[in-house]
Amino acid sequence: MRRNRLVLLAAVCGALSFVVSAPARADLTGKTLKPVAGVKFGMESALGSLLGGTLAGEVTQVEVKREEATKIVVTVHYTGFEGGKLWGEVTTSDRKTHRLIKSTSPASIESTPGEMDLAFELDPNAADGTLVKTSYLKISVARGDKAAAAYVKAFEMPKTWQNGTRPENVLVTVTPKPAGPTTASLGATPGEPLPPKVIHPSLNRTALLLPATRALTIQPRTAAAASPATAAPAPAAQPSGAAVRSINLATTRTMSVSPAMTASPATAKMMAPNTAVETKTVAASKMIARTDMIAIRNFKFGLPAEDPGSTTAPKGPGDTPVEPLAELRSEDIELDPSHVLGVFPAFYPDQNPQSGIFYFLPYSYSLRWSEDSGYDLRMIYSATGSGGAGEVAMAARLDAGLGIKERQIATDLIHAYADTHHLTFNALRALPIDSISVSIADDLRRYNIPSDKIAVTGLADFLGQVDISWITDPVTKENLQQALVEDVGISGRVTLYPSGGKLAPVDVPIQIRLADFVTFGGFRWNRADAWTNRTPYPIKLKYLNALMLDTAKRPIVYSWDLSSARVPPAGRAQWAAASVPGWIDGQAKRIWLEYAVEASCQSCDDAVIRSITGGASSSGPSMITFHTLTPLADAGAIEIGVQVRSRYFDPQSRDLQTKSLVLNADGKDFTVGPLYLGSRQPGESVPGDPLFEYSLTVTMASGQSYPGSNWAASNDLRQAIGRYQLEQTVGALPAPK
């Protein structure tokens, strides 16, 4: 009889196992999970009651907030469980916790009834191509003073977890192919065949070719504009009947130059700083601060002081440019002149030919980006303190892409031009200016930020970079942000007022984009090294270009087609470059990669916007400071690891995130963050929503660690760490040795 009962029980268990087996995978986002009616989870709950004691409460519902291939976020609704702690585990069909799915740590229940978000993720260190299938989500609750669960409830959560190839493991082999017959004719030894296309035809002195989005205009100089007393005014309107001519090639991309009007020499004067805007944007400006910029108050405007009686003393730029790229030849491909040279292709000789000085202009200003610091753009919400909408402080570094290498190439080209045209050449200098102004406006009037809301805060000595900040309202900020993610960009202009009284004011365009060549610049090429895509967007490699000077000192660009090879962020491209002669590497003035940015990447946009956006706080983002009393001495420890979790680490969402730091000295301050508090004030207590929680792990000199099993909550930005906090999270301290 007993044997028959055992057989019957086995059959029932088998049937239950069949009933609750995982169904085919479906998108779980927005779904309410169904409780499991199996016997084994019930046995776990009963066993937990014996070990962990009783704890009154109920998990009433579990909803899937978001599901991704490698992650799932659920919201757990509960009642009761006062003083308890809750956590979750993802299990397989045999109800075992899967080792590759990161379970959550116990989180204190601060109020009841309530809800708690739990996030589960496939181990980031799992091998590429890992595929895992799980069936259940187990929610456990324990008393605050116990480790064993007093309550267990399981839910059906059939999910397939799968990662792809990690971007850093993507290695694309790219074979450069000659982009035209001239490049294909290059041999193993240096030669000088001329490509067929004249990329920048010989221009008259009143027209220069430029892309439409980077058009540079030169306006007539009025007497008022010649001597700006404060912030420079907008350039004067073009006079009626002015002789302006422009050429219109197939690309219809032109720049017009108006003849300069006679004006008295300008007197160099300091541009009046916009202190009101600087004060309001100081937090944003500090985030892009760098030591190689000159504060606007210290920038030396006007011509450098030299002996005025010298026959070679410079007098400032004249109004007649020369174009060393007038004879530039390339294969019959689309090649942007600004990518070849990096500076505006017109150079202005000094009014005194004997000085041998030539002046260059920036081609355009774009948003500065670097591999180390990312985008130099910050947007910080600030509260009004009166319940109003508040303001948004924004700061950006505008970059003309004029590094040392670019200036040397420009110097070599203008030097070669001067030699072939029998001109004296001594130096290439940045355009000397008497003043500068900035405007930001959209042709469609989605945004228009007046000059009294903009401050120029810093300049590079060669005008290669300009630091600006501005104040706007939240609606305009959203329009600016939308323009960025839609790849329309933020447009405007930097107006330069040249010294010397001869050359008219110059408008250099501003084009701020997140995903564009103008932002990232040309990447240099080395045949021996794989190129790594350090940008946050996928890149399609179009051409490999080499700028050369032939024996007649004419500029040539040879090109190789890269077949639009796609390289994801952090991915790499290696070169099968047998078709690129080795002598190119040593003789080229510049070798760079021409590419297109894959801008239609929503996740890329989201990540970038998060990185440049600050929180809504009168002081901007806030840092948590942990101050150590004597915890290392108290525990005889060599270091204390801190895990900090908070819903305020992300300015765009309230998903729980975790960061870590190490405390390795007593009596010191250690910071982690930033936190984006929104309308919440430090010290403010919100039931069920602490500002942050922390857990401590004590590591002894022997290497043995004592991890904390509890999380301590805090609503203050400054948290002291002493014996009490160690015992609160770790438990009884080991005796010091």
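Here, buried means under 20% relative accessible area, exposed over 50% and partly exposed in between, using a 1.4 Å probe and protein chains only. The model is predicted, so local features need pLDDT of at least 70 and side-chain atom pairs count only at pLDDT 80 or more, while totals for chains, interfaces and linings use all residues. Residues are numbered from 1 along each chain as its sequence is written, and side-chain values use heavy atoms, with hydrogens and water left out.

**View 1. W369 meets F520 edge-to-face.** W369 counts as buried at 11% relative accessibility, and F520 does too, at 7%. Their ring centres sit 4.9 Å apart with the planes at 75 degrees, so this pair is edge-to-face. The pair ties together distant parts of the chain, with W369 in strand β21 and F520 in helix α10, 151 residues apart. Helices (H or I, at least four residues) and strands (E, at least two) are DSSP runs, numbered from the N terminus. Rings of Phe, Tyr and Trp (its six-membered ring) pair if their centres lie within 6.5 Å; planes under 30 degrees apart are stacked, over 60 edge-to-face, and the rest tilted.

View 2. The structure holds 13 aromatic pairs. One of them is F299 with F301, edge-to-face at 5.1 Å centre to centre and 70 degrees between the planes. Both F299 and F301 are buried. Elsewhere, F517, F523, W531 and Y595 come together as one aromatic cluster.

View 3. Helix α10 gives the most, with 4 residues. By class, the lining splits into 12 nonpolar, 13 polar and 10 charged residues. (A pocket is an open set of points on a 1 Å grid over the protein atoms alone, where a 1.4 Å probe fits, with protein on both sides within 12 Å along at least five of seven lines; lining residues have an atom within 4 Å of a point.) Volume is the space filled by probe spheres set on the points, which are joined across faces, edges and corners. Ala, Val, Leu, Ile, Met, Phe, Trp, Tyr, Cys and Pro count as nonpolar, Asp, Glu, Lys and Arg as charged, and the others, Gly among them, as polar.

**View 4. The second largest pocket.** Here the volume is about 760 Å³. The 33 lining residues include S103, T104, S105, T658 and W711, which lie nearest the centre. Strand β7 gives the most to this lining, with 6 residues.

**View 5. Strand β34 and its two partners.** In β34 (residues 539-549), 8 of the 11 residues are buried, so the strand is largely enclosed by the rest of the structure. β34 pairs antiparallel with β35 (residues 555-567) over 10 bridges, and A546 has Y558 as its bridge partner there. The hairpin of β34 and β35 has 5 residues between the strands, and K553 takes a positive phi near 65 degrees. β34 also pairs antiparallel with β37 (residues 590-597), over 8 bridges, where L541 partners Y595. Two strands pair if DSSP finds at least two bridges between them.
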